[in-house]
Amino acid sequence: MSRNLIHGGEIILSGEVIDDEFSAYGFPGFSSGDVRAALAEIGDEPVTIRLNSVGGFAEEGEAIRA
């Protein structure tokens, strides 16, 4: 499931960091796959990322950071 994380030219990451599989089933939050899709949609343009998360899957968080 692809989530629209882009709002007003920014990527907004809010909620729990979840596994890509949970994202595919519609669980609330965001995954590394969601972030990759948002970055691909923005392309080579500069981007601001706003993060407000309670935590979640450490491996997914590290994948997003990397």
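Residues are called buried under 20% relative accessible area, exposed over 50%, and partly exposed in between, with a 1.4 Å probe and protein chains only. The structure is a predicted model, in which local features need pLDDT of at least 70 and side-chain atom pairs count only at pLDDT 80 or more, while totals for chains, interfaces and linings use all residues. Residues are numbered from 1 along each chain as its sequence is written, and side-chain values use heavy atoms, with hydrogens and water left out.

The protein chain contains three helices and three strands. Their order from the N terminus is β-β-α-α-β-α. Helices (H or I, at least four residues) and strands (E, at least two) are DSSP runs, numbered from the N terminus. Along the principal axes, the C-alpha atoms fill a box of roughly 30 × 20 × 20 Å. The radius of gyration of the protein chain is 11 Å, which agrees with the value near 11 Å for a compact globule of 66 residues. This radius is taken over C-alpha atoms, and the globule rule is 2.2 Å times the number of residues to the power 0.38.

Of the 66 residues, 27% count as buried. The accessible surface of the protein chain is about 4,400 Å², and carbon and sulfur atoms hold 53% of this area. Accessible areas come from the Shrake-Rupley method with a 1.4 Å probe; for residues, only the protein chains shown count as cover. Among contacts with a separation of 6 or more, 63% join residues 24 or more positions apart. A contact means heavy atoms within 4.5 Å.

Three salt bridges are present. A salt bridge places a side-chain nitrogen of Lys or Arg within 4 Å of a carboxyl oxygen of Asp or Glu. Arg50 and Glu10 form one of them, at 2.8 Å from N to O. Arg50 lies in strand 3 (residues 48-56) and Glu10 in strand 2 (residues 10-17), so this bridge ties together parts 40 residues apart in sequence. Arg50 is partly exposed, at 46% relative accessibility.

Arg36 pairs with Asp20, and their closest N and O atoms are 3.6 Å apart. Helix 2 (residues 32-42) holds Arg36 and helix 1 (residues 20-24) holds Asp20, so the pair ties together parts 16 residues apart in sequence. Asp20 is partly exposed at 28%.

Glu62 and Arg65 also form a salt bridge, with closest N and O atoms 2.6 Å apart. Both lie in helix 3 (residues 58-65), three residues apart, a separation of about one helical turn. Glu62 is partly exposed at 40%, whereas Arg65 is exposed at 60%.

Aromatic residues were examined next. Rings of Phe, Tyr and Trp (its six-membered ring) pair if their centres lie within 6.5 Å; planes under 30 degrees apart count as stacked, over 60 as edge-to-face and the rest as tilted. The rings of Phe22 and Phe57 have centres 5.4 Å apart and planes at 80°, so they are edge-to-face. Phe22 belongs to helix 1 and Phe57 to the loop between strand 3 and helix 3, 35 residues apart. Phe22 is partly exposed at 32%, and Phe57 is partly exposed at 30%. Ring pairs link Phe22, Phe27 and Phe57 into a cluster.

Phe22, Tyr25 and Phe27 make a nonpolar surface patch of about 350 Å². Patches are made of residues with over 30% relative accessible area and no salt bridge; like charges are joined within 9 Å, and nonpolar side chains (Val, Leu, Ile, Met, Phe, Trp, Tyr) within 5 Å. Tyr25 sits in the loop between helix 1 and helix 2. Tyr25 is exposed, at 64%.
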